[in-house]
Amino acid sequence: GVAGYSPQVASPQNADVGHKKMKRITIALFIMTLAATVSSAADWQWFQKHITERYTPEVRSILMPAASAAAKDSFNTESKQWQYIYNYYRGYLRGLENTRGTMRVGDAGGPEQAGFDAGLRHYQNLLSTTNQPFTLVDFGYEPITATGTYEWGFENSAFRPNGTNENWWVDFQAGVTEAFSEKHPNEHPDLFANRRSCTLKGFLSPDNIGFTGHFNQYDRDFIVSEIIMVGPEPSTQDIKVEIQ
């Protein structure tokens with residue numbers, strides 16, 4: 001034998017304990033798998049319900065055939081296919097919004113980002129080759145003119161409309177701030193560096209579902225097509241600094 005080594009003989013009691021432990025582990029793994037399956041099913045059903053209820057038959061008739069075919073070619077589970085399709089609509093909508101910058105909605109190559117990018121390309125292709133048939137209204141947005149206060153900055157673009165407790169994430173369509181600056185050349189270059197009262201015209205997302213803007217902390221998206229009015233800059237006398 002080997003010095004210091006004492007072979008362990010499995011007793012019926014130890015075997016029974018090990019069997020029970022393995023059984024518990026197997027049950028736990030089964031529950032985790034079942035929960036993941038249920039969650040996955042709930043995810044794709046939510047995506048399907050959202051698309052069916054949010055978008056008009058006209059929108060679905062244009063986007064669904066291409067989105068569905070590409071999803072099935074790229075992904076082999078129903079959950080991932082519907083993630084792709086849902087974000088395909090979001091990508092097309094991003095093109096309609098006509099705002100600057102790129103948007104990341106998921107990992108490169110994943111169903112979210114792949115669907116989003118494909119939907120945006122679909123919009124761009126229609127725009128360049130045919131009469132792109134939709135407006136933001138077709139996607140459930142409401143044309144509005146709203147008065148409130150607005151401030152922008154690093155990871156901040158917050159409009160607080162008068163008369164509500166909501167906080168809207170603002171995106172300006174291309175050329176909007178430049179057009180206002182041309183009409184008002186004496187305005188400070190950092191127009192909304194401090195919160196200012198203003199009246200903005202644009203398109204408001206359908207409902208206060210939240211989960212938009214930086215860290216998903218805003219109630220709605222407000223796509224601004226025109227700056228109607230901006231109030232005076234806050235006076236430094238109005239700024240109160242508390243020293244503790």
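Strands E2 and E3 pair in the antiparallel sense over two bridges, where helices (H or I, at least four residues) and strands (E, at least two) are DSSP runs numbered from the N terminus, and where two strands are taken to pair if DSSP finds at least two bridges between them. The model is a predicted one, in which local features need pLDDT of at least 70 and side-chain atom pairs count only at pLDDT 80 or more, whereas totals for chains, interfaces and linings use all residues. Residues are numbered from 1 along each chain as its sequence is written, and side-chain values use heavy atoms, with hydrogens and water left out.

Within the pairing of these strands, Ala158 stands opposite Trp169 in E3. E2 and E3 form a hairpin with six residues between them, and Gly163 in the turn has a positive phi of about 85°. Of the five residues of E3, four are buried, so that the strand is mostly covered; buried denotes under 20% relative accessible area, exposed over 50%, and partly exposed in between (1.4 Å probe, protein chains only). E3 also pairs with E5, in the parallel sense and over five bridges, with Asp171 opposite Ile223 in E5.

Five strands in the order E1-E2-E3-E5-E4 close into a barrel of mixed pairing, and the twist from one strand to the next averages 55°. Strand E1 (residues 142-153) runs antiparallel to strand E2 (residues 156-161), to which six bridges join it; Ser157 in E2 is the bridge partner of Trp152. Helix H5 (residues 176-183) packs on the sheet, where it touches E1, strand E3 (168-172) and strand E5 (220-230), and its direction makes about 10° with that of E5. Contact here means heavy atoms within 4.5 Å, and axes are lines fitted to C-alpha atoms, for helices over the stretch in contact, with angles running from 0 to 180 degrees between N-to-C directions.

A further packing arrangement involves helix H3 (residues 78-97) and helix H4 (residues 111-129), whose axes come within 6 Å and cross at roughly 40°. H3 is therefore oblique to H4, since angles under 35 degrees count as roughly parallel, over 145 as roughly antiparallel, 65 to 115 as roughly perpendicular and the rest as oblique. The crossing of H3 and H4 is right-handed, that is, the near helix is turned clockwise from the far one by less than a right angle. Among the residues that make the contact are Tyr84, Tyr88 and Gly91 of H3 and Ala114, Phe116 and Tyr123 of H4.
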